[in-house]
Amino acid sequence: MEISLHESNQQIFKDVCSNFISSLSSNMFTYGLGLMLLNQTHSALSFGIELAIGPLISLIFMIPIGNLVDKYPHKKILLTSLLVRVVFLLLLAATLNYFVGMLKFIPVIIFVLVNSIAVIFATTAYSASVHELVNENKIHQLSSLTSATSSFANIFAPVLSVGVYSLLGFQSFIWIEIGALFLSAVIILTMKFHYKNSPASKNISQQKSQLTNFKKGLDYITQRPLIKSLIAIAMLLNFMFSSINMGLPYIINTQLHLGNSPIGILDTFNAVGGLLAGLLMNFVPDNKAKRSRIIAPLFLFGVYFLSLGTIFNLTTEIKLINILGSITMFIGGLSISVLNITIQIHIQKTTPTAILGRVSSTMSTANTIVFPIGTLFFTFIFQNISNGALIYLVCGIIWLLVITLVTPRLNKIISVDKNS
């Protein structure tokens, strides 16, 4: 049964509200957790636990997550994920004060492990459920507004986190997160998921082994050259972006001795770029200029790395870094959001719903698994080179050379890809 335009609009509104609440509270919690660990342990790992653990969890549970998402009702998966997170937040609140110093990492790592599993389940289930929430013509609007909402939350999360942490301490973040999860659950309960799979097809799926079901998803990906190419490109890009996630604060704070304020400013403009991209993509038909919306951002990433390297290499003036760095980060946030939204919509509209969970899980795992490797690699490089700006210059040159070489083939693949 076709989902009506009116119902699709209602679902989009509810999804945007739920996504804003969960994104804002989750980002605040992560930031508050990092501040607490940094104050208690003075460890550089304080802000990198989720970045290190999340991709590894995604790799370990890639097969069961993709299979289970395609096997069970997505609404139940989303609600179960929220419940599990609430339970372990309560356990974290009850046990955290029993540990001091470096031992704080014990309850935190246990929580992050379970929370990462729950979040990956929820993210995969959401990606696979878009056809159940809105009609075909509204998928691009749902994806664009969801991305814009996340970016909007990212703008305010750091400032709010610092204020809440200073006034109320870390325990308050736990209760804020629990309240936000309950509110998101209430919104999800009011949403209607239009399931299309028949009971017979589910029974057949249940009889197959985990590996057989997962292999079906891999077989589908191998038949889509565009998906394979995008995964390879994303892996290299995310490896290089690891140098931004941990290297930018290191250069600004440790090498240039400019304090923490420029870091917050640059992060804010990166989120503003993502917000603008999400809003603009809401008004662009998903089949218009698709080739340009994939290839143009890839070249802009090279400019992005080169610009950062040039700025940090030529000036230590905080005002210039704030202005030029903000412009560069804005372009980077805009580019990555345009690319992500375009790819997400295309995959969701051209992949059968029955296998979308496995495809989404595989792509997400492949794209993020390089983050821990990149973090370790660039941590070593930054700590052994006095001018971190050179790293961004090298990354920019390498990236532009690679993209220039692969663009002719990528251009051809986009033209012949399924339903492109």
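Student: In which helix is Ile188 found, and how do you know that Ile188 is buried or exposed?

Tutor: Ile188 is found in helix α8, where helices are DSSP runs of H or I with at least four residues, strands are runs of E with at least two, and numbering starts from the N terminus. Buried means under 20% relative accessible area, exposed over 50%, and partly exposed in between, with a 1.4 Å probe and protein chains only. Ile188 has a relative accessible area of 8%, so Ile188 is buried. This is a predicted model, in which local features need pLDDT of at least 70 and side-chain atom pairs count only at pLDDT 80 or more, while totals for chains, interfaces and linings use all residues. Residues are numbered from 1 along each chain as its sequence is written, and side-chain values use heavy atoms, with hydrogens and water left out.

Student: Which residues does Ile188 touch, not counting those up to four places away in sequence?

Tutor: Contact means heavy atoms within 4.5 Å. On that basis Ile188 touches Ser18, Lys75, Leu78, Leu79, Leu82 and Phe193.

Student: Why is the pair Asp70 and Arg358 called a salt bridge?

Tutor: Side chains of opposite charge can pair when their charged atoms come close. A salt bridge here is a side-chain nitrogen of Lys or Arg within 4 Å of a carboxyl oxygen of Asp or Glu. The closest N and O atoms of Asp70 and Arg358 are 2.6 Å apart, and the pair forms a salt bridge. This pair links distant parts of the chain, with Asp70 in helix α3 (residues 62-71) and Arg358 in helix α15, 288 residues apart. Asp70 is buried because its relative accessible area is 9%, and Arg358 is buried because its value is 6%.

Student: How many salt bridges are there in the whole structure?

Tutor: The search finds three. Another is between Arg85 and Glu177, at 3.1 Å from N to O. Arg85 lies in helix α4 and Glu177 in helix α8, so the pair ties together parts that are 92 residues apart in sequence. Both residues are buried. Lys215 and Asp219 also meet in a salt bridge, at 3.3 Å from N to O. Lys215 and Asp219 are four residues apart in helix α10 (residues 210-222), so about one helical turn separates them. Lys215 has a relative accessible area of 48%, so Lys215 is partly exposed; Asp219, at 31%, is partly exposed.

Student: Which residues make the nonpolar surface patch?

Tutor: Leu300, Val303, Leu320, Ile323, Leu324, Ile327 and Ile331 make a patch of about 560 Å². Patch residues have over 30% relative accessible area and no salt bridge; like charges are joined within 9 Å, and nonpolar side chains (Val, Leu, Ile, Met, Phe, Trp, Tyr) within 5 Å. Ile331, found in helix α14, has 33% and is therefore partly exposed. Helix α14 (318-350) and α13 (290-314) each supply at least two patch residues, and α14 gives the most, with five.

Student: How do you know whether the radius of gyration agrees with a compact globule?

Tutor: The radius is taken over C-alpha atoms, and the globule rule is 2.2 Å times the number of residues to the power 0.38. With 420 residues the rule gives a value near 22 Å, and the protein chain has 21 Å, so they agree. The chain has 17 helices and zero strands, and buried residues make up 52% of its 420 residues.

Notes
Accessible areas come from the Shrake-Rupley method with a 1.4 Å probe; for residues, only the protein chains shown count as cover.
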